Amino acid sequence: MQHTSEEDDSKARLVSYLLNPEVAYNPDQPVNWEALEADTSLWNLYQEVELPLSAILREMEQIGVRVDVPMLKQAEAKLNNELQTIEQQIYTSVGMTFNINSPKQVGEVLFDQLQLDDKAKKSKTGQYSTSEEVLLALKPKHPVVGLILEYRELKKLISTYISALPNYINPTTGKIHTTYNQTVTATGRLSSSNPNLQNLPIRSERGQLIRQAVIPDEGCLFLSADYSQIELRLMAHFSQDPHLVQAFLSGQDIHAATAAKIFNVSIEEVTKEQRRQAKTANFGIIYGISPFGLAQQLDCSRSEAKALIDGYFAAFPGVIDYIEKQKELARQQGYAVTLFGRKRYLPDILSHNATVRSFAERNAVNSPIQGTAADIIKMAMVTIHRRLKEEGLKAQMIMQVHDELNFNVPLNEVDKVREIVVSEMQHVVHLTVPLIADCGVGSNWLQDH
DNA sequence: AACCTCACG
DNA sequence: ACGTACGTGAGGTTC
């Protein structure tokens, strides 16, 4: 008869995850300690990072996050009114009622009834796509399209966030207690669920209302620190490309510096459009760029996208060398690996299906970058937690959002905690380029940015 | 349960 | 010729 405690089970989960993050954990299988110990890096990640982090995450979950419920209720009433107005405008605009929440019905209204696009693309299930991208392209053709977009934005904010979040408040603590999943992602990142606090709106103006409702405890301020461009800095470190490294060493605006190199102009001469393209290209590089993907993102032709990529690699030759090296390494080893030895197996890297193989190749480029960033912030969380404890501070780490950490900080501790958080984040590992953490303090999450 | 859509890094 | 940007989780509809 096996007697496995919850603690043993969570350790077994971590071991299984480190050995192969994409294989589902099976509690009936014995823990393969030998395999873990045989890999010095994985063993180290287990001992020094994941195991201590596990306790920290449970603590963060228990502490919870405070939310301004009256503010959310007020926003809900207001946005619900707007939603109803838009709903009526939509029905009037097309001369009939239908379920706007149904992509199927929206597609039939736009393409069968209003005939807004003869060659509308259908998915493999025979449905028209009515994604935001498609709707934006259709917007000039009929006033209902813009209304549907606005309806969607409001509906998303209300149903996923504004009306949902108060239901997660624990009546005993009065706070929201998310679950941080430590063994879910393929790359080593955390995820957050019930509710997901890692995807609260920030980009849209209306969405910012929700961040304003995330507040510190009584007598505390909300402190937020995030890594600046950590993934691009890792690309600079890994590739050792002289120009990319130099741009970070001299503290330049990285997207403007990239544009200057690609378009061969001085950094002062870079136009907004050039900077935008360079920024998109930088993201593309981290994702494992393809002309198609970049073209779609920039809304330009594939040949234009290819020219931009060629320009990028001409300007940063170390980057293309690094990308090719990563693909080759994955073919040889069968997995991609982070700076600290976290693995992601890529069996499809040798596939004869070009689509499948290309996916694995992009993973071979992206996983070490995304995964190393995850390793780094996890290590920072461990050292920050330790220092807060050692120095007898009452400040609490309460959230992690991939490249950002958030804290409840008593007023009199703000200066000290800011110094600790920023210096631990910046110095937890030393790379060819500096790691920079920006920090803000305020009376809600939005103010910190 | 699968699909579509969309929120975040 | 094909079908693609990387990683997640949640709400709503459809089957």
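Mentor: Let's start with Arg342 and Asp375, both of which are buried (under 20% relative accessible area; exposed is over 50% and partly exposed in between, with a 1.4 Å probe and protein chains only). They form a salt bridge whose closest N and O atoms are 2.8 Å apart (the term means a side-chain nitrogen of Lys or Arg within 4 Å of a carboxyl oxygen of Asp or Glu). This pair links distant parts of the chain, 33 residues apart: Arg342 is in the loop between strands E6 (335-337) and E7 (343-345), and Asp375 is in helix H16 (354-390). Helices (H or I, at least four residues) and strands (E, at least two) are DSSP runs numbered from the N terminus.

Keep in mind that this is a predicted model: local features need pLDDT of at least 70, side-chain atom pairs count only at pLDDT 80 or more, and totals for chains, interfaces and linings use all residues. Residues are numbered from 1 along each chain as its sequence is written, chains are lettered from A and ligands numbered from 1 in the order written, and side-chain values use heavy atoms, without hydrogens or water.

The whole structure has 25 salt bridges. In one of them, Glu150 pairs with Arg206 at 3.1 Å. Glu150 lies in helix H7 (143-162) and Arg206 in the loop between strand E3 (191-193) and helix H8 (208-212), so parts 56 residues apart in sequence are tied together. Glu150 is partly exposed, at 31% relative accessibility. Glu153 also forms a salt bridge with Arg206, at 3.5 Å. Glu153 lies in H7 too, so this pair ties together parts 53 residues apart. At 29% relative accessibility, Glu153 is partly exposed. Finally, a network of salt bridges links Lys78, Glu82, Glu150, Glu153 and Arg206.
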